[in-house]
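The tour goes from one selection to the next.

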Amino acid sequence: MSPALRSELLKLRTTRTTVGTLAAMAGVVLLAMALHSLGLPKDKLVSTADQRKVFLDVGSNMGMAFAALLGAMAVTIEVRYGTIRPTLLATPRRSRVVVSKMWTALGVGLLCGSIAAGVATSAGTLFLRVRGLDVDVSGGQYFELVVGGALAGALWATIGLGVGAIVRSQVPAVVGLFVWILFVENVLIAGVPSVGKYSPGALGRALAGQQVDAVASWPAALLALVTVAGAAVCAALAATTTRDFT
Amino acid sequence: MSTTAVVEITSLTKRYGEVVAIDDISFSLPAGSITGFLGPNGAGKTTTLRILLGLADADSGTAIVGGRRYRDLDEPARWVGAVLESNDFHPGRSGRDHLRVIVAAAGIDPRRVDEVLDLVGLSDAHHRPVKTYSLGMRQRLGLAAALLGEPRVLVLDEPTNGLDPSGTHWLRRVLRAFADDGGTVLVSSHQLAEVAQSVDHVIVIGRGRVLADAPLAELAGSRGTLEDAYLDLTAGVGS
């Protein structure tokens with residue numbers, strides 16, 4: 001393990017930011033699942049497809065959004081508190097810092113996506129049963145929701161890293177990412193479906209098993225989202241290695 | 001004092017749009033000396049330090065430490081320890097963990113954490129979040145971080161801000177001992193009385209240009225006191 005990566009992992013463990021954000025996300029997912037599972041009319045929750053859609057909409061979207069948030073904060077928190085200066089003094093070859101942050105973002109994003117999908121599916125299943133509904137989601141579909149959600153979270157965390165490295169300022173980066181995931185993509189998918197289905201959020205949901213907006217296949221969605229995430233990391237490298245830190 | 005230059009700044013120029021922050025600055029720092037880096041606000045001191053430390057790029061010229069650019073040093077923490085801001089800490093991270101993060105990144109022996117905490121007098125507060133530290137304690141923690149790699153050069157920007165008189169006296173002794181052991185110190189400061197008591201050499205810049213580069217005794221002696229010399233040199237180039 002490189003010194004820069006060891007340092008990045010230590011940063012994650014020595015503040016409450018990561019654990020606090022993951023706990024907040026789990027709470028938001030739980031609340032959203034309660035509202036959806038207990039609040040929607042029963043006739044919209046009877047079919048397997050409807051049940052999967054609720055699990056996926058909440059679990060996958062929240063997993064991606066919070067993963068992107070944590071990815072962005074890997075840079076914006078350092079800029080906000082000035083710790084980017086000691087970081088770059090200890091590791092002046094900036095590409096090493098970005099690559100280390102990419103690995104930690106992938107790990108944290110994986111955790112984020114799997115927790116969001118896990119909480120959404122388990123809590124959703126419980127709430128639906130409480131309402132007296134049969135849950136017909138298969139084991140394979142649960143697996144796809146959690147594993148696909150985890151993959152989407154990992155890749156979205158690197159997208160967040162790219163946005164954080166470019167924007168640097170915490171509030172605009174975080175607000176921009178949430179607005180994109182929760183609003184802009186939905187408008188794009190509804191208004192221009194042929195384009196919207198290739199948006200990063202739709203690709204993430206395709207990985208978690210959503211069919212309606214997905215690209216042709218799961219591997220194609222994975223390849224497309226890996227490409228977007230790779231472009232985000234390249235942007236992070238360019239923004240970090242060519243701009244001054246004042 | 002050795003005459004071998006450890007830090008060499010040569011024809012350094014940096015512009016921000018139309019504003020020339022530093023304009024063809026050159027100076028060098030020999031081993032075993034403490035140099036005061038003086039100038040009004042906006043003179044270009046901080047920009048010079050950031051270019052020296054690889055945080056900003058010059059438009060032209062070079063800033064060299066130990067014969068190489070800072071970014072090209074194999075073990076930068078063993079060459080330079082720096083404190084640029086008194087508040088470069090995550091408020092929720094403990095003082096000890098702040099140092100552990102740097103030790104991990106720089107590949108330094110972890111035992112140095114306890115050694116530098118003891119050196120700067122923070123052993124009793126090491127576990128507390130930095131947000132509970134006073135400004136003086138933060139200055140000490142910054143200095144502890146700078147000393148982790150047992151560097152040959154210390155670069156300090158306003159290190160006495162927030163230090164009480166005994167803290168200032170302590171810092172003066174630490175820096176003198178560091179220089180007496182062959183280390184090189186560059187201290188940027190506005191506190192001329194303190195500078196006059198602690199440095200061997202003075203560089204004054206204004207509007208991005210070097211206005212004076214001379215031993216303290218020579219500069220102060222020519223005009224009575226360091227303050228008189230500084231005010232003469234910077235008259236009309238203030239912030």
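Start in chain B by selecting strands E5 (residues 80–83) and E6 (residues 153–157): they run parallel and are joined by 4 bridges. Strands here are DSSP runs of E with at least two residues, helices are runs of H or I with at least four residues, and both are numbered from the N terminus. Two strands pair if DSSP finds at least two bridges between them.

This is a predicted model, in which local features need pLDDT of at least 70 and side-chain atom pairs count only at pLDDT 80 or more, while totals for chains, interfaces and linings use all residues. Residues are numbered from 1 along each chain as its sequence is written, and chains are lettered from A in the order in which they are written.

Next, pick B:Ala82, whose bridge partner in E6(B) is B:Val155. Show the side chains of E5(B): B:Val80 and B:Ala82 point one way, B:Gly81 and B:Val83 the other, and all are buried (20 or more other C-beta atoms within 10 Å of the residue's own, with C-beta atoms placed from the backbone).

Move to strands E8 (residues 201–206) and E9 (residues 209–215) of chain B, which pair antiparallel over 6 bridges. B:Ile205 has B:Val210 as its bridge partner in E9(B). The two strands form a hairpin with 2 residues between them, and B:Arg207 in the turn has a positive phi of about 50°.

Finally, select the contact between the chains: 29 residues come from chain B and 24 residues from chain A, contact meaning C-beta atoms, placed from the backbone, within 7 Å. On the side of chain B that touches chain A, H3(B) gives the most, with 7 residues.

Terms used:
Two residues are in contact if their C-beta atoms, placed from the backbone, lie within 7 Å. A residue is buried if 20 or more other C-beta atoms lie within 10 Å of its own, exposed if 12 or fewer, and partly exposed in between; C-beta atoms are placed from the backbone.
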